[in-house]
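Please keep the sequence and the structure in view while reading.

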Amino acid sequence: MICSPKRWAFTLLESLITVFLVMLVFGLVAELLISAFQVTRFEREKMQAAEAGQLALNRIQCEVRESCKVEIGGTDKELTLTKFNARYVDDSRLLTNRFRYLLKIHYYVDANSTLIRDVEDLFNGGTQTHVVADGIQGARFEWAPDSDNLVTTLSVSVRGQLRSISSEVCPQAFIP
Amino acid sequence: MVRLFHTGIRYQTLVDNQSTAVMLAEREMERVRGWSRKNHTSPPSTLDFNNFLAENYPGRTPYQDSDFPGFEVKTVATAIKIYSPCSLFEELYPVSQQRVIGSSLRKVTVTVSWGYDRTNTSTRRLTHQLTSLVGLPTGEKAALVDVDFIGSTSVSKDDIRNVKVTATNPEGQAMPDLFYNYIVQSGLGDLGGGFGSVDDTRDGRTAALRNVIYDAQTPPAPSGYGYGRCDLRCRALYRGYPSEGVEKDIDMLP
């Protein structure tokens, strides 16, 4: 009778223990990965919401700087800016035409949590509506008591939690 | 792998903190602008822009932001000069002849510092710096220009009188950055008919009136004298509007 040489192998019990240990290690690593990805996803959502709000704030800031009149209305929830229409910059150099070509800009948050910018042409008539940012839960405009700067605060929703971002800008308006 | 994720999260925190620092710096810069606009706009200016560096502008005393503990905000304002129309043209001239604007704006640097740089063993704090220029806020009123003769207003033949010109805002605060042009205007009547020549610097801030009339040659040579009385008008442009001062009844002696 010819016997094959003796070969080492796991018994059933050893195999089960090995599989169990490998699964345990994989489970720990997977848990670690899932936690890390959750943190990353949360941070990304937070950053995306903040970026959308920040873009809206930057746009408002730029427009406030170039406005000749800044008004807050609607119990601090609406901002109205009056500025010169750049399309007629040559004609408005004449002193008599100085305040002829004006635009009235209106910022507010509508019922769909969208920050809206209405542009009313006071010379030609007509109003255009632009969407500035989505997912804005609220806007608040107020004057800083120390500097008379315009403080704009936007509320954005991050995974059901409201977060606010704000900016302060020094208006160059010369019409009170 | 744990180290990899740990490093990733650490850098995420660093980026978050840097964003916060940028936001705080921009906000503080706007506060300095707003403070200046509120206090220096003329009228009714309550502070003199010329004393900006000595005043208690926002952030001059470093403070910890109450909304973001651990972030320290500090503002430093320094003097700076610019050239009119630009440094490219003006730096071709000797320093004494350059048209310089040195008092109407300030260089403001906001520094936000937080935490410590853990990439090396030093104790250097992490910082973000934002620098911008803050200009003198202007009002609707024109500047007041005053022309004064140094010495007697009777000028002998070939004699020279230095002229001192100053500009102020409605609050009487000095506006030393204006540029001036001069016109000699002959007087009227029997005592009029006087004339002279003005020798001024490129910025017009220093000038002298001489009792002489030059010819049209280059270089000009004296060709005669304008006996009688004349006025010296000094004109500057401020916010696009002319502001003028006059020294009247200058007597050009024969």
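## Terms and model

A strand, in the sense used here, is a DSSP run of E with at least two residues, and strands are numbered from the N terminus. Two strands pair if DSSP finds at least two bridges between them.

The model is predicted. For chain B the mean pLDDT is 91, with 98% of the residues at 70 or more. For the complex, the predictor gives an ipTM of 0.72 and a pTM of 0.80.

## The sheet in chain B

In chain B, 4 strands make up an open sheet with mixed pairing, and their order is β8-β16-β15-β10. The edges are taken by β8 (154–155) and β10 (180–186) of chain B; each has a single partner strand, so one side of each is left without a neighbour in the sheet.

B:Ser186 has B:Cys230 of β15(B) as its bridge partner, and B:Tyr180 stands opposite B:Ala236 in β15(B).

## Pairing of β15 and β16

β15(B) also pairs in the antiparallel sense with β16(B) (residues 241–252), here over 10 bridges. Within this pairing, B:Arg229 stands opposite B:Asp251 of β16(B).

β15(B) and β16(B) form a hairpin with 2 residues between the strands. In this hairpin, B:Arg239 takes a positive phi near 55 degrees.

Methods: Residues numbered from 1 in each chain as written. Chains lettered and ligands numbered in written order. Predicted model: local features only at pLDDT ≥ 70, side-chain atom pairs only at ≥ 80, totals over all residues. pLDDT = per-residue confidence, 0-100.
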